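Here's a quick briefing on a few local features of this model. Have a look at the structure first, then read on.

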Amino acid sequence: MIRRSDKTRRDKKTKVCILTAVLVILLAMPAFAANETDEKEITGEEESTVTEEIQATGEQADDVTPENEDEEIKEDAEVEETEAEPADEEDNENEPEKPDEKAESGEEPLPAETPAAKQEPVVLKASSSGKVSYSAKRVGSNAGETSVFSVTSGGKTYTGACAEQGVTMKSSGQAAITKIDNSTKIAKVIYYYAIALGSDNWWTGDHKTDKVGKILGMDHADDTDVTKRRMVECFCQIYNMGSSDWYKTVTSSSGGGWSTGTADKVRDYYKNIDTSGISVPAGFEIWYAKSDSGAQSFIMWAYMPEGYVTMTKVSGNTKITN
């Protein structure tokens with residue numbers, strides 16, 4: 001009985017081993033079959049597909065991640081700064097220079113602002129009544145007789161000529177003054193004939209008493225008694241009175257006694273003066289002076305080139321000088 005039992009147990013163990021082997025073989029068969037046909041396993045293919053999708057999705061996600069957004073914004077900003085730098089430099093080059101702060105404060109004025117660089121013309125100083133004192137005298141004779149005026153004011157001496165033909169002159173008096181603009185014809189004419197010609201000027205020059213017959217178109221210089229100096233006075237009178245009134249007055253027996261031929265030529269000469277090429281400098285001044293008490297009025301002028309200094313000498317020790 002004992003032997004039979006042992007045999008039965010051995011048979012059972014054998015069967016169990018056989019069944020176990022069969023199970024092992026059965027379990028191994030799918031993998032073995034797949035490997036033999038070189039086909040990928042389904043599980044592996046699914047894993048690969050999922051992995052690729054995740055990677056592709058991951059690349060797209062990288063483009064919109066906050067970190068990458070910050071980096072792109074930063075890069076874009078750097079690019080914009082780089083592109084903007086040349087424009088900024090150009091703006092800086094075109095930007096006008098700022099004036100010197102010291103010059104604005106007055107500590108160190110710029111050279112162009114210094115008093116020596118540009119001097120404004122001296123303005124005539126009238127008295128408290130708005131008038132100036134003058135003196136006058138007659139020079140020459142006949143048609144060449146001329147009234148010469150003189151005014152000293154503000155450290156300057158002005159000379160002048162009669163502006164009213166046929167009105168009595170006083171040797172001294174007072175006159176109210178009015179500035180004549182340097183752009184007017186009379187300012188240009190007086191500056192040219194009385195100043196710009198230098199020693200040949202018609203008012204104080206060496207030939208101021210020369211007769212102007214030929215200048216007026218006559219055959220000879222002394223075909224008239226009118227002088228160069230008198231011509232300057234005629235210019236002032238025609239400007240102030242008007243050519244018609246001046247002509248009527250100077251040709252009347254009581255106002256001048258000139259011949260109409262001479263008066264015509266003098267009037268036409270002034271009318272035909274071309275002042276387009278005459279430039280009056282800032283240092284030249286010309287004034288109309290209306291005399292008191294109905295006395296002869298006049299036009300006066302003075303010229304002080306830029307840089308001209310007027311000095312008044314005052315003693316430092318009045319005990320000695322007085």
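A residue counts as buried when its relative accessible area is under 20%. Keep in mind that this is a predicted model.

**Helix α6**
- Helix α6 covers residues 228-241, and its 14 residues should span 20 Å at 1.5 Å a residue.
- Most of α6 is covered, with eleven of its 14 residues buried.
- The buried set in α6 is Lys228, Arg229, Arg230, Met231, Val232, Glu233, Cys234, Phe235, Cys236, Gln237 and Ile238.
- Just past α6 comes Gly242, with a positive phi of about 90 degrees.

**Cysteines**
- How many disulfides are there? The count is zero, taking a pair of cysteine sulfur atoms within 2.5 Å as the cut-off.
- Cys236 is in no disulfide, and the nearest cysteine sulfur, on Cys162, sits 8.6 Å away.
- Is Cys236 buried or exposed? Its relative accessible area is 0%, so Cys236 is buried.
- Cys17 is another story: its relative accessibility is 52%, so Cys17 counts as exposed.

**Tyr192**
- Tyr192 belongs to helix α5, residues 185-196.
- With 33% relative accessibility, Tyr192 counts as partly exposed.
- Leaving aside residues up to four places away in sequence, Tyr192 touches Leu197 and Ile278.
- Tyr192 and Ile278 are 86 residues apart in sequence, yet their C-alpha atoms are 7.2 Å apart in space.

Conventions:
Residues numbered from 1 in each chain as written. Predicted model: local features only at pLDDT ≥ 70, side-chain atom pairs only at ≥ 80, totals over all residues. Heavy atoms only, no water. Buried < 20%, exposed > 50% of the residue type's maximum accessible area, 1.4 Å probe, protein only. Helix = DSSP H or I, 4+ residues; strand = E, 2+ residues; numbered from the N terminus. Expected span 1.5 Å × (residues − 1). Contact = heavy atoms within 4.5 Å.
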